[in-house]
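Here is a walk through one protein model, from its overall build down to a few single residues. Have the structure open and follow along.

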Amino acid sequence: MLKRYNIILYSTNKIVNSCRYVSQSMLKSTVNEKTGIATVIINKPPVNCISLELLNKINTEINKLQKDNIRGMILTSVRSLQKVFCGGLDIKEFYNPNPDRLAKYLTNLQDTWLSLYMTSFPTVSVINGHSLGGGCLIAMCCDYRVMVGPDYTIGLNETKLGVVPPKWFQDTMAAIIGHRKAEVSVIAGKTYTTDEALQIGLVDESSPDIDNAYKKGIQFLNSFEKISPWAFKMTKNISRQPISQWLIDNKQKDLEFVFNYMQTPSVQKHLGLYLQSLKK
Ligand SMILES: CC/C=C\C/C=C\C/C=C\CC/C=C/CC(=O)SCCNC(=O)CCNC(=O)[C@H](O)C(C)(C)COP(=O)(O)OP(=O)(O)OC[C@H]1O[C@@H](n2cnc3c(N)ncnc32)[C@H](O)[C@@H]1OP(=O)(O)O
């Protein structure tokens, strides 16, 4: 039986020296058996945007780690991408979608958010690049955020694409920076530089380089060494349950609304224009 571990969601290959397992594509996950800390690395070039397949992998991995009783987790992005933590949800999943796949995607998105937001172990995102839309969402799900800077950006920019960030996206941000700041932020689809994100409390610490950011993440996880895992889990649960319970109670309604809304001509037109603007 493994010790109880913390999770840091982070993108590097060289930190972990004692690996329990590694999955080769899109998501690499390693657990340091000495420390009980998992490092989960998103590895989907060119910009780590989240397809249905990646979403499945993230959710499966979190659920596996949950069963393994790890002490903590770091979530990050592979170093070779250099300037992107996560480019957000894959817009191609929403543009001219296959309805069956879109329904699967949205359901998986709900489930993955619930898994990551409610982990019973501490989690850290080491944000080693731009983190937009769904990228910002997964970083915000973690218990602590360390962002590399100064030149990266983070934010829920959905309105800039002509889509609405669902209630649970907005609630996740409001729980971190407060309702008023989150409202101003999501309405305008604002993105923040590392320094700005630190200033408004969207991230907890900044770092000029990835190694240092990773160390800060580990320090955060180590701060739980003397905290009972049960006390951690129950306290986090009480803190986050009101937000997660809303989605659990409204999953079908939320799914149907987004599923229909996404396929309206006006949303499709905006998504098409946004995708075009991203093309080189
Ligand atoms: C109650 C609710 C009511 C209604 C709700 C209705 C709907 C809500 C449902 C769900 C909500 C929808 C939520 C969406 C959340 C999102 O995440 S939307 C996406 C947000 N992300 C972005 O806007 C990032 C866009 N990308 C960039 O800004 C840059 O690519 C980035 C800074 C990340 C990196 O820049 P750079 O290194 O220069 O790379 P390129 O720009 O050259 O990109 C490389 C190729 O990758 C393609 N690409 C980039 N991002 C995405 C993406 N998110 N999805 C798909 N594809 C992407 C880009 O087009 C390039 O492709 P090419 O090589 O040219 O083919």
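This is a predicted model: local features need pLDDT of at least 70, side-chain atom pairs count only at pLDDT 80 or more; totals for chains, interfaces and linings use all residues.

Two strands count as paired if DSSP finds at least two bridges between them.

## A hairpin to start with

Strand E2 (residues 26-32) and strand E3 (residues 37-43) run antiparallel, with 7 bridges joining them. Look across the pair and you'll find Leu27 opposite Ile42 in E3. The two strands make a hairpin with 4 residues between them, and Gly36 in the turn has a positive phi of about 75 degrees.

E2 is mostly covered, too: 5 of its 7 residues are buried. As a general point, side chains in a regular strand alternate between the two faces of the sheet.

## The whole protein

Zooming out, the secondary structure comes to 9 helices and 11 strands. The radius of gyration is 18 Å, close to the 19 Å that the globule rule gives for 280 residues, so the protein is as compact as a globular protein of that length. The C-alpha trace spans about 55 × 40 × 40 Å along its principal axes.

Of the 280 residues, 46% are buried. Take the contacts with a separation of 6 or more: 78% of them are between residues 24 or more positions apart.

## A four-stranded open sheet

Which order do the strands of the open sheet follow? Reading across, it goes E5-E7-E9-E10, with mixed pairing among the 4 strands. Strand E5 (84-86) and strand E10 (192-193) are at the edges with a single partner strand each, so one side of each has no neighbour in the sheet.

Further in, E7 pairs with strand E9 (residues 153-155) in the parallel sense, over 2 bridges. Leu132 has Gly155 in E9 as its bridge partner.

## The core and a covered helix

Nonpolar side chains tend to be buried together in soluble globular proteins. Here the largest nonpolar core has 70 residues, and Ile127 and Ile154 have the most contacts inside it. Ile154 touches Ile127 itself, and its other contacts beyond four places in sequence include Cys136, Ala139, Met147, Tyr192 and Leu202. Ser131, Thr191 and Ala197 are also among the residues that Ile154 touches.

Helix H3 (residues 134-141) is another covered element, with 8 of its 8 residues buried. Among them are Gly134, Cys136, Ile138 and Ala139; Cys136 and Ala139 have already turned up as contacts of Ile154.

## Around the ligand

There are 29 residues around the ligand, and Gly87, Gly88, Gly133, Gly134 and Leu278 come nearest. The elements giving two or more residues to this shell are strand E7 (130-132) and helix H8 (229-262). H8 gives the most, with 4 residues.

What is the shell made of, by nonpolar, polar and charged residues? It divides into 16 nonpolar, 6 polar and 7 charged.

Thr112 is found in helix H2 (residues 99-117). Is Thr112 buried or exposed? A residue needs 20 or more C-beta neighbours within 10 Å to count as buried, and Thr112 has 25 inside 10 Å, so Thr112 is buried.

Its contacts reach well back along the chain: leaving aside neighbours within four places in sequence, Thr112 is in contact with Leu55, Ile58 and Asn59. The C-alpha atoms of Thr112 and Asn56 are separated by 7.8 Å, although these two residues are 56 residues apart along the chain.

Terms used: Residues are numbered from 1 along each chain as its sequence is written. A nonpolar core is a set of buried Ala, Val, Leu, Ile, Met, Phe, Trp, Tyr and Cys residues joined through C-beta atoms within 7 Å. A residue is buried if 20 or more other C-beta atoms lie within 10 Å of its own, exposed if 12 or fewer, and partly exposed in between; C-beta atoms are placed from the backbone. Two residues are in contact if their C-beta atoms, placed from the backbone, lie within 7 Å. A residue is near a molecule or strand if its C-beta atom, placed from the backbone, lies within 6 Å of it. Ala, Val, Leu, Ile, Met, Phe, Trp, Tyr, Cys and Pro count as nonpolar, Asp, Glu, Lys and Arg as charged, and the others, Gly among them, as polar. The radius of gyration is taken over C-alpha atoms; the globule rule is 2.2 Å times the number of residues to the power 0.38.
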